[in-house]
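Here is a short report for a reader meeting this structure for the first time. Please look over the sequence and the model before reading on.

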Amino acid sequence: MSKSNLPEAMLCAPTVFAVGDVYKIFMPFTREAITWILVGDRRFCDHSNGILRSTNPIHQVEIPMELLDAAGEYTVVYRAMVERKPYFPVSEDEVRITFAFRPVRGDRINIYHISDTHNMPELPGKAGSRFGDDLDLLVLNGDIPNHSGSVENFYTTFEIASEVTGGHVPVVFARGNHDTRGLCAEKFAEYTPTHQGHTYYTFRLGKLWGMVLDCGEDKDDSHEAYAHTVCFHDFRLEETDFIRRVIRNKAAEYEAEGVEHRMVICHIPFTYIHYEPFNIEQDIFCEWTRLMREEVKPELFLFGHYHRNEIWRVGSEYDSYGQPCDAVIGGKPVMSEIPEERAYTGTALTLSDEGIHVVFNDHQGNVVGEEEIARRV
């Protein structure tokens, strides 16, 4: 649905994020409003302990995957607030708008990967439209805003998702290192999807199982850029425990009935030892890679961070710890103060029984690279 067809109070179409076994639908508004979503005869409200929220411009509602998958549509309902008085608050008339929804189904899965847009929504949105109505899943893999210094910076995430999906297909989101910077970073769960407040989680969409990981920042916690405000070493230790819990629960996760594809998504490529001062946490990242190789056994890594479009093959110069599979680095922005010089190249992937077809295309639709990743048995 184009932005011109949306009600004035909605900034863009909703974004349907996949997290665990639920969809978290985020809706940015241009004015204060109370809102809820109807799926069939059930209502899901954006509320705080029974109080419909209106002051946060980014609303979110959680819906069981199986319910929305079966319904195939959802209806956004809202009332713009005029005055939120303690008694007899005033709101405008109710507005409703319905969005069709397509869950991930079938043997071929079309995925578009975008990372590192750094507050540049228009060109990545154009690149991400390659599959058109055949898109099954959008992956937004970190550094979509340039930083988290203001709520407005998060709008880039929703504007890109709206342009590519129109609110009709699922989106998976991973946090990038630039996302950890700024006043709003500590309230990340209010503006982006998390699992119980954590930026790492698993998801299941049709035959695809995935794990989203988060390396946090790209330098040591003691670096002067952070000025004593981060504790990512402890965060990564907690995340290691999470990976091990997933492995212990593998029968309900990546070895569950019907899972045919396994994917790991992370903004920073943790399988590669970077140069100083980015060569951090080698023991932890070596362990993560070992657990992926010996236990999880994904068929693909999806990374960003390096502003490139290329495949890091198993055993290449970028394989520092022993990759279990090939890795796609899938987002290349060209940023400039001059609008005409800006560009963006993202990655289209098609998963099938034969393997993974990878296409790198720019915002003008030009194919700048095309490769195959064979299915690893």
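Predicted model: local features only at pLDDT ≥ 70, side-chain atom pairs only at ≥ 80, totals over all residues.

Residues are numbered from 1 along each chain as its sequence is written, and side-chain values use heavy atoms, with hydrogens and water left out.

**Aromatic rings**

Rings of Phe, Tyr and Trp (its six-membered ring) pair if their centres lie within 6.5 Å; planes under 30 degrees apart are stacked, over 60 edge-to-face and the rest tilted. The count comes to 26 aromatic pairs. One of them joins F154 and F188: the centres are 5.7 Å apart and the planes stand at 65 degrees, so the pair is edge-to-face. This pair links distant parts of the chain. F154 sits in the loop between strand 12 (137–141) and helix 3 (155–165), while F188 is in helix 4 (residues 188–191), 34 residues apart. Helices (H or I, at least four residues) and strands (E, at least two) are DSSP runs, numbered from the N terminus.

F154 is buried, at 1% relative accessible area. F188 is buried too, at 5%. Buried means under 20% relative accessible area, exposed over 50%, and partly exposed in between (1.4 Å probe, protein chains only). Both rings belong to one aromatic cluster, formed by F17, F26, F154, F158, F173, F188 and Y191.

R175 lies over the faces of two rings, F188 and F235. A charge sits over a ring if NZ of Lys or CZ of Arg is within 6 Å of the ring centre and within 35 degrees of the ring normal.

| Charge | Ring | Distance from ring centre |
|---|---|---|
| R175 | F188 | 5.8 Å |
| R175 | F235 | 5.4 Å |

**Helix 3**

Helix 3 is mostly covered, with 9 of its 11 residues buried. Among them are Y155, F158 and S162. S162 has a relative accessible area of 11%. S162 touches C12 and A13, leaving aside residues up to four places away in sequence; contact means heavy atoms within 4.5 Å. Just after helix 3, G166 takes a positive phi of about 65 degrees.

**Helices 5 and 6**

Helix 5 (residues 232–248) packs with helix 6 (residues 282–296) at an angle of about 10 degrees, their axes 11 Å apart. The two helices are therefore roughly parallel (angles under 35 degrees). The contact includes L237 and I243 of helix 5, and F285 and W288 of helix 6.

How values were computed:
Axes fitted to C-alpha atoms, helices over the stretch in contact; angles between N-to-C directions. Parallel < 35°, antiparallel > 145°, perpendicular 65-115°, else oblique.
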